[in-house]
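Here are my notes for your first look at this one. Have the structure open while you read, and take the points in order.

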Amino acid sequence: MYNQIVNYIQGNVLLSVESAYPERVMNLCSAHGIPFWDVRWIDGVHFTMRTTRRGERRLRRAAAQTDAEIRRLRQQGIPVLALRFRRRYVLLAGLAVFAALFWAGNLFVWDFEVTGNDTVPTETILRALEKEGVTVGCRGLSVDQERLRNHVLLELPDISWLAVNVKGCVAHVQVVERLRPPEIVQDREPTNVVAARDGLVTKVEALDGRAEVMMGSTVTCGQLLISGVADDGTSGVRLMHGMGRVWARTWRELSVLVPLRTEGKGSRGRSVTHVALDFGKHRIKFYGKGSVTPADCDKIIRYKAWTLPGGFRLPVTTVTERWMPCDPASAERSKDQAQQEGEELLLRQLEQDMGEDGSITETRFASARQGDYLLVTLKAECLEQIGVSVPLETPQMINQ
């Protein structure tokens with residue numbers, strides 16, 4: 001592979017050699033240090049081989065006193081291309097302009113890549129950078145890291161570290177989000193732990209306070225589970241911050257109405273496509289009319305950045321706008337499709353209500369049609385943590 005690249009850079013030719021004594025040609029190449037390769041025999045006196053452009057000239061001089069007939073079949077390489085295009089001045093000027101624009105484009109920022117942000121939106125980070133002058137079209141060498149950290153971090157309280165590294169025409173923005181400390185538990189406030197819903201207790205973990213229920217107890221919503229009031233019989237009543245977790249089997253019933261008739265859009269007529277080019281912040285339109293979408297049309301916009309081999313991005317983006325005329329249309333769907341959608345909605349709602357600590361142990365679904373709707377009902381058995389902390393409400397509770 002390396003030899004092929006070198007031979008293409010310096011140029012090579014394919015020669016046809018015909019001689020009554022072809023071995024003499026081989027000996028001449030060896031004696032005069034002429035490189036040759038890719039020898040292919042056609043018959044006993046005729047063969048082809050490849051050599052360099054300089055080697056061809058030396059071979060012709062060395063074989064002048066022999067009966068060998070040497071013909072050039074084909075030549076290739078960079079010198080051949082240079083000779084072919086040496087009088088195409090427009091093409092050469094275009095290549096020179098392209099090289100100049102390519103070099104100048106690397107001095108400016110045309111694209112951004114933001115990494116490290118999970119909760120802070122990318123648009124918020126780019127907007128804060130734009131206020132400090134770091135935007136599309138700015139000079140990449142003018143980015144002051146220290147000034148950005150001193151000003152942008154004040155605009156983004158959820159970011160603890162930021163760096164902007166410009167490579168070519170792409171600015172790589174690396175951020176580290178601030179880790180917020182957990183909420184401080186007010187362990188001095190007297191509280192109780194009560195049941196958030198009805199259930200059958202399976203496990204009690206009383207971290208502070210006195211457990212009022214045990215495994216196997218049936219509790220109702222609002223019932224006291226862990227008390228923050230204790231009476232040891234000697235020092236009197238003592239108030240505590242009741243903490244703990246109580247696991248229980250719970251039963252839930254959820255319902256949802258799913259429409260059997262869906263409203264959508266139907267295509268009408270032929271679609272219209274508009275193409276434009278975004279060069280930095282400037283747009284070059286190749287259509288005469290404006291880009292205001294009519295009321296009865298859908299507008300789909302696609303962006304495609306121009307890139308060179310290797311993933312190097314150019315400051316040019318193709319914008320394709322497609323307008324599709326449409327009319328309102330309705331369609332009837334089957335009961336199975338509506339029931340499947342209802343079941344997915346109910347399961348999603350149940351998982352959100354229980355949180356990460358809960359789990360679903362058993363589910364049963366039922367459905368009934370009500371006009372243009374399908375009523376889907378979910379009955380589920382769950383295992384979840386039902387204890388919630390509430391402050392002590394009145395002094396009378398202590399006496400109780």
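**Notes on the model**

1. Let's start with Glu205. Its relative accessibility is 21%, so it counts as partly exposed (buried is under 20% relative accessible area, exposed over 50%, partly exposed in between, with a 1.4 Å probe and protein chains only). Its salt-bridge partner is Arg245, and their closest N and O atoms are 3.1 Å apart (a salt bridge is a side-chain nitrogen of Lys or Arg within 4 Å of a carboxyl oxygen of Asp or Glu). The two sit in distant parts of the chain, 40 residues apart: Glu205 in strand 9 (residues 199-208) and Arg245 in strand 15 (residues 243-259). Helices (H or I, at least four residues) and strands (E, at least two) are DSSP runs, numbered from the N terminus. Arg245 is partly exposed too, with a relative accessible area of 38%.

2. Before going on, a word on what you're looking at. This is a predicted model, with residues numbered from 1 along each chain as its sequence is written. Local features need pLDDT of at least 70 and side-chain atom pairs count only at pLDDT 80 or more, while totals for chains, interfaces and linings use all residues; side-chain values use heavy atoms, leaving out hydrogens and water.

3. How confident is the predictor? The mean pLDDT of the chain is 82, and 88% of its residues reach 70 or more (pLDDT is the predictor's confidence in each residue, from 0 to 100). Watch residues 394-400, though: pLDDT stays under 50 there, and the model has 5 contacts for them beyond four places in sequence (contact means heavy atoms within 4.5 Å). Where pLDDT is low, the predicted coordinates should not be read in detail.

4. Back to salt bridges: the whole structure has 20 of them. One pairs Arg283 with Glu321, with the closest N and O atoms 3.6 Å apart. Arg283 is in strand 18 (residues 282-285) and Glu321 in strand 20 (residues 312-332), so this pair ties together parts that are 38 residues apart in sequence. Arg283 is partly exposed at 36%, whereas Glu321 is buried at 3%. Shared partners join Asp278, Arg283, Lys299 and Glu321 into one salt-bridge network.

5. Now have a look at helix 6 (residues 122-131), where Ile125, Ala128 and Leu129 are buried. Down the helix axis, the buried residues fall within an arc of 100 degrees, so they line one face (the arc is that of the directions from the helix axis to the C-beta atoms). Glu123 and Lys131, on the other side, are exposed. After helix 6 comes Gly133, with a positive phi near 90 degrees.

6. What do the buried residues of helix 6 pack against? Their partners are strand 5 (111-115), helix 7 (145-155), strand 6 (159-167) and strand 7 (170-177). The largest nonpolar core has 20 residues, and Ile125, Leu129 and Val164 are among those with the most contacts inside it (a nonpolar core is a set of buried Ala, Val, Leu, Ile, Met, Phe, Trp, Tyr and Cys residues joined through side-chain atoms within 4.5 Å). Strand 5, helix 6, helix 7, strand 6 and strand 7 each supply at least two residues of this core. A second, separate core of 14 residues includes Val25, Met26, Cys29 and Ile34.
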